[in-house]
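Here is a friendly note to read with the model open beside you. Please take the points in order and find each residue as you go.

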Amino acid sequence: MRSKLVVGNWKMNGSREANALLLTGILAGLANAKAAAAVCVPAPYLYQCHDLLQGSELAWGAQDVSCQPSGAYTGEVCASMLQDFGCRYVIVGHSERRAYHGESSELVAKKTKALIEAGMTPIVCVGETLEQREAGQTMEVVNEQLGAVLDKIGPDALASIVLAYEPVWAIGTGKTATPEMAQQVHAGLREKLRACNAASAEKVLVLYGGSMKPDNAADLMAQPDIDGGLIGGAALKAADFLAIIHAAK
Ligand code: PEP
């Protein structure tokens, strides 16, 4: 049986003062949680996480990484820098990066590989737009996004990733996939993982993301192939984030 993982994606939110309150609030309520928990914060605040969370039950990470190891790439942050600040997880391929920064599946695959080589766990996001869902293309889209990553990292590294299914139409919209809809896609993704490496596929955590909230988290995470959540808006309030973490059984 796979353990559960709940990860907060803070996106471009926070301040040193607000973060300190949020992090101490989360730490205060983590006792007896059945799920592992992490926060992925804006890069400038990684130092604050390193400072406040070291030795705690709450892991931390980043929201993106460069695929390059170092050098003349203005504005970029490479994997070794994230590792320097104790990141365990790094989100790659979030739909906001794909949509606003033109990130291709090939680039997401390179970033995934760079993170694995640096010893961190990439959280690889895949998901379809509303138009693609309505056109019946959901599995085709997510399989293409996942396939590029699997081709790049190969079967031996499969156990090093976390996968997140995030239907684009559910992110930040308040519209959530029903547990059955999400489970159907998660099961399809698991099939694709099995075709890559059958043994590792059973260990890979597949998170759901897209308006997961305290009132829908338990039903979503009760599905056999939903191994936790990637949480945006609800990760910005300690009480909501904790309620989601504790909804994992
Ligand atoms: C996300 O951006 O990863 C996300 C799931 O956002 P929200 O929970 O706000 O829909």
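1. Two residues are in contact if their C-beta atoms, placed from the backbone, lie within 7 Å. Helices (H or I, at least four residues) are DSSP runs, numbered from the N terminus. This is a predicted model, in which local features need pLDDT of at least 70, side-chain atom pairs count only at pLDDT 80 or more, and totals for chains, interfaces and linings use all residues. Residues are numbered from 1 along each chain as its sequence is written.

2. Which residues of α1 meet α11?

3. The axes of α1 (residues 16-28) and α11 (residues 238-247) cross at roughly 35° and come within 9 Å. Axes are lines fitted to C-alpha atoms over the stretch in contact, with angles from 0 to 180 degrees between N-to-C directions.

4. Helix α1 has another neighbour to find: its axis and that of α2 (residues 46-53) come within 11 Å, crossing at roughly 35°. From α1, Arg-16, Asn-19, Ala-20 and Leu-23 take part, and from α2, Gln-48, Leu-52 and Leu-53. By class, 4 residues of this contact are nonpolar, 2 polar and 1 charged.

5. Finally, turn to the ligand. The shell around the ligand holds 5 nonpolar, 7 polar and 1 charged residues.

Note on methods
Nonpolar A, V, L, I, M, F, W, Y, C, P; charged D, E, K, R; others polar. Helix = DSSP H or I, 4+ residues; strand = E, 2+ residues; numbered from the N terminus.
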